[in-house]
Amino acid sequence: MIDFRYHVVSIIAVFLALSVGLVLGASFLKEAAVSGLDQSVQDLARNNEGLRREVDRANAGQRYLNGIMGTVGPELTKGRLAGHKAVVVSLPGADTKLVDGTVKLLDGASATVTGQVSVKGQWTDPKRENELVGALGANGLAFSTGPATERAAKVLAGAITERTPPVQGGTPGGSTTPPASGTPSTGAPASGTPATGTTGSGAPSGPGATSAPPAGGANTGQTPGTGTTTSGTHNTQAANEALTRLKEAGFIDVKDNPALGADLVVVIAPSGVTSGEDPGRTNNAYLALARALDGGDNGTVMAGTASAAQENGVIWALRRNDQTAKAVSTVDTADTPVGQVAVVWSLVVEDKQGISGQYGTTGTTDGPLPELPKKETP
C-alpha cells in the first residue's frame with residue numbers, strides 16, 4: 001500500500017510540474033523568450049544587410065574595374081604579338097566563349113592565329129591508350145617510351161608548333177636526315193620567320209627560349225629507321241598527316257590550319273575542376289601536353305577561370321607541379337578584361353625573357369599581371 005501511494009504521489013508531482021511550467025511559459029517567461037528570439041533575428045538581419053551592402057560595393061568596384069580595363073585593355077595588348085604565329089589548344093570542358101574570345105584577343109594583339117585544336121575526352125581514356133598510340137602512326141615510333149598520352153602530346157606539339165619535337169614523316173624503316181657535319185642545325189622555320197632555336201638537341205635557345213624543357217629531357221624526335229625528319233624546318237605536310245590521323249581516330253578536332261606551325265600557344269583549361277575516376281591521372285596528361293607544347297614554341301600560357309585554379313582543377317595541378325610551372329605560365333582570370341591582358345603580356349614575357357609566371361586571384365599567384373620588359377612597357 002505504501003508503494004502504491006508513493007507512485008501516485010510521484011505521478012501527481014510530475015503532472016503538477018508540467019502544469020506549472022505551462023502556466024509560467026504562457027505568462028511572463030513566454031514574453032522573455034519571444035523577446036530574446038526576436039532580438040536575435042533582428043541582429044542577424046542587420047548583419048545580413050551589412051554583408052549584402054559589402055558584396056554590392058565589391059561587385060560595383062569589379063564592374064568599374066572591368067569597365068576601365070575593357071576600354072584600355074585593347075590598347076595595352078594592341079600589336080604586342082606582331083610577327084608571331086599563335087595556336088589555341090582547348091582541353092575537354094573548356095568554355096567555347098573563352099576559346100573564341102582568346103582567338104579574338106590574339107588577333108587584336110596582331111598575332112597570326114594559325115588555327116585551333118580541341119582535345120577530346122578520349123585523349124585521357126585509359127581504355128583507348130592502344131588506339132591513341134596506333135593513331136600516332138610512324139610518329140609513335142619516334143617516342144617509343146612513356147605513357148600513351150605523353151607520346152601523343154609530343155607528336156601533337158610537333159604538328160602545331162614550329163620547333164622541337166619535329167614531326168616524323170614517311171614509313172617505318174625509312175631514313176632520318178642528319179644535320180650536316182654531325183652538328184645540330186638551327187635552320188629557319190617555314191614562312192620565312194626568323195629562326196627560333198636549335199632543333200638538333202631538342203632544347204630551345206636564344207632570347208625566346210622557354211624556361212624549362214619538356215618532361216623527360218630533350219627530344220630530338222629522330223630515331224634511326226623510323227621515318228624522315230627535316231631538322232630545323234617545320235614540315236607542314238607531315239604535320240597535316242599527324243593531325244588527320246588523330247582527328248580521324250576521334251582524339252582531337254581541328255579548325256583552320258594549325259599545321260602551319262606556331263611559335264606561341266594558348267591552352268584553354270576546362271571551366272571547372274577535373275572529374276572522373278582518376279582526376280590526378282587526367283591532369284598529369286594535360287600537364288604533359290602543356291610541357292610538350294612549350295618545348296616546341298617560344299611561349300605557352302594556360303588560360304582559364306578561377307574554378308580551374310581550385311583543388312583538382314588543371315591550373316591548380318599545374319601550379320603545384322614545379323617542372324611544369326617553371327615552363328608554362330597560367331592565368332586564372334582569362335574571362336575578365338584584366339586576365340585577357342595578362343594572357344598577352346605573359347606570352348610577351350615568355351617570348352622575350354623565357355620566364356613563366358602564375359597570374360590571377362585564386363591561390364598563390366605572382367599577381368594580376370606580369371611585369372613587362374622595360375622596352376615593352378606601355
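Predicted model: local features only at pLDDT ≥ 70, side-chain atom pairs only at ≥ 80, totals over all residues.
At 31% relative accessibility, Asn 312 counts as partly exposed, because that value falls between the 20% and 50% cut-offs. Asn 312 sits in the loop between strand 5 and helix 9. Its backbone stands out: phi is positive, at about 75°, although Asn 312 is not a glycine. Most residues other than glycine have a negative phi.

Gln 310 belongs to the loop between strand 5 and helix 9. With a relative accessible area of 43%, Gln 310 is partly exposed. Leave out residues up to four places away in sequence, and Gln 310 touches Val 273, Trp 316 and Thr 362. Gly 363 is 53 residues away along the chain, yet the two C-alpha atoms are separated by 7.7 Å.

Now step back to the whole chain. The protein chain has 378 residues, and 46% of them are buried. Its secondary structure comes to eleven helices and seven strands. Take the contacts with a separation of 6 or more: residues 24 or more positions apart account for 77% of them. The chain exposes about 18,300 Å², with carbon and sulfur atoms supplying 56% of that area.

How far can the model be trusted? The mean pLDDT of the chain is 80, and 75% of the residues reach 70 or more. One stretch needs caution. Over residues 170-231 pLDDT stays under 50, although the model has 136 contacts beyond four places in sequence for that stretch.

Seven of them form an open sheet in the order 3-2-1-4-5-6-7, with mixed pairing. Its edges are strand 3 (252-256) and strand 7 (358-359), each of which pairs on one side only. Strands of a sheet pair through backbone hydrogen bonds, either parallel or antiparallel. Both kinds can be followed from strand 2. Strand 2 (residues 112-119) and strand 3 run antiparallel, joined by five bridges. Strand 1 and strand 2 run parallel, joined by six bridges. Gln 116 stands opposite Lys 255 in strand 3, and Val 88 stands opposite Gln 116 in strand 2.

Asp 256 is exposed, with a relative accessible area of 58%.

Six of its six residues are buried, so strand 1 is largely enclosed by the rest of the structure. In a regular strand the side chains alternate between the two faces of the sheet. Both faces of strand 1 are covered. Lys 85, Val 87 and Val 89 are buried on one side, and Ala 86, Val 88 and Ser 90 are buried on the other.

Helix 8 (residues 279-294) lies across strand 1 (85-90), strand 2, strand 4 (264-268) and strand 5 (300-303). Helix 8 runs at about 150° to strand 5.

Met 302 shows how the parts meet. Beyond its neighbours within four places in sequence, Met 302 is in contact with residues including Leu 91, Val 267, Ala 290, Ile 315, Leu 318 and Val 331.

End at Leu 136, in the loop between helix 4 and helix 5 (138-142). Not counting residues up to four places away, Leu 136 touches Arg 151, Ala 152, Val 155, Arg 245 and Leu 246. Leu 136 and Ala 249 are 113 residues apart in sequence, but 9.7 Å apart in space, C-alpha to C-alpha.

Conventions. Residues numbered from 1 in each chain as written. Heavy atoms only, no water. Pairing = 2+ DSSP bridges. Helix = DSSP H or I, 4+ residues; strand = E, 2+ residues; numbered from the N terminus. Contact = heavy atoms within 4.5 Å. Axes fitted to C-alpha atoms, helices over the stretch in contact; angles between N-to-C directions. pLDDT = per-residue confidence, 0-100. Buried < 20%, exposed > 50% of the residue type's maximum accessible area, 1.4 Å probe, protein only. Areas by Shrake-Rupley, 256 points an atom, 1.4 Å probe, with all protein chains shown as cover.
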